[in-house]
Amino acid sequence: MNDTLRERVMLGVAVVLAAIYLFPLYWMYVTALKSGSAMFANPPDFWPRDPQWQIYGEVWKSRLMGRYIWNSLVIACGAVSVIALLGTGCAYVLARYRNVWIDIGLFLVLMLQVLPASLMITPIFVGFSQVGLLSYPRLAVILAIAAKSMPFFIVLVRATFMSVPQELEEAALVDGNSRIGAFFNIVLPLAKNGILVSAILIFMQAFGEFVYSKSMIQTVELQPASVGLNSFMGPNTNEWNKIMAYATMYVTPILAVFVLMQRRIVSGLTSGALK
């Protein structure tokens, strides 16, 4: 098999896999525009004959989506701020100082990433209840998300710091900078791309977080959009077009951010691959 044929085969496989992966997303957008009878047509229509564009406005008003989206933004931005503030320094230490205890600490950090949110919610809920954090439910969710996503951020940013030549720091120290000064003036500017990309990925995760928000936020006015979507569900749910319209308005901003910044995301994720 020559190189041209191999490339065509790989391209064909990639296109098929992409179509399979993106079809549920396409079906969500199409179903949102269908009428009640068109949703249950057999065989189904792959494009609505009479698109119901007004459904987006109806769902936005009836479900108060502006409030839900705002709560999701508050929680996501808060979690990213906490993780970036604490995780950046931790990643730098794990990248620059190597000994047995650092390796043990990194191993423990990686083990925290393995634990699912459904397993962590019970001890976190009990602990937050004992210290009174549940009186501030959005803050409690922000801290819970930070605890869950911090290992992921640390691992990515650590690789970015490791790609920054240590000789640059040593030269800054020779020039009279302190270790902290060298970090802020030399290392941090060079690693900002990787930190930004990691923060974007954490934001995307936090924006769609459900388990902690559903368990800790009982006040409807403070619940994020993921919990608002769950409120559609019931034993006799049949308004699938409205559910898909809600999901479309919820997911589209995140997809837009990902598409617009995909080059930077890829470059940031691979920035620590080579020195």
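Author: Happy to! Helices (H or I, at least four residues) and strands (E, at least two) are DSSP runs, numbered from the N terminus. With that in hand, α1 gives the most to the lining of the largest pocket, namely three residues. Both α1 (3–32) and α12 (240–260) supply at least two residues of this lining.

A word on the model: it is predicted, local features need pLDDT of at least 70, side-chain atom pairs count only at pLDDT 80 or more, and totals for chains, interfaces and linings use all residues. Residues are numbered from 1 along each chain as its sequence is written, and side-chain values use heavy atoms, with hydrogens and water left out.

Now to your pocket. On a 1 Å grid over the protein atoms alone, a pocket is an open set of points where a 1.4 Å probe fits, with protein on both sides within 12 Å along at least five of seven lines, and lining residues have an atom within 4 Å of a point. Here the lining consists of Y21, L22, L25, L255 and F258. Five of these residues are nonpolar, with no polar and no charged ones (Ala, Val, Leu, Ile, Met, Phe, Trp, Tyr, Cys and Pro count as nonpolar, Asp, Glu, Lys and Arg as charged, and the others, Gly among them, as polar). The volume of the largest pocket is about 220 Å³, meaning the space filled by probe spheres set on grid points joined across faces, edges and corners.

Finally, look along residues 243–261: this span is 95% helix and 0% strand, and its end C-alpha atoms lie 28 Å apart.
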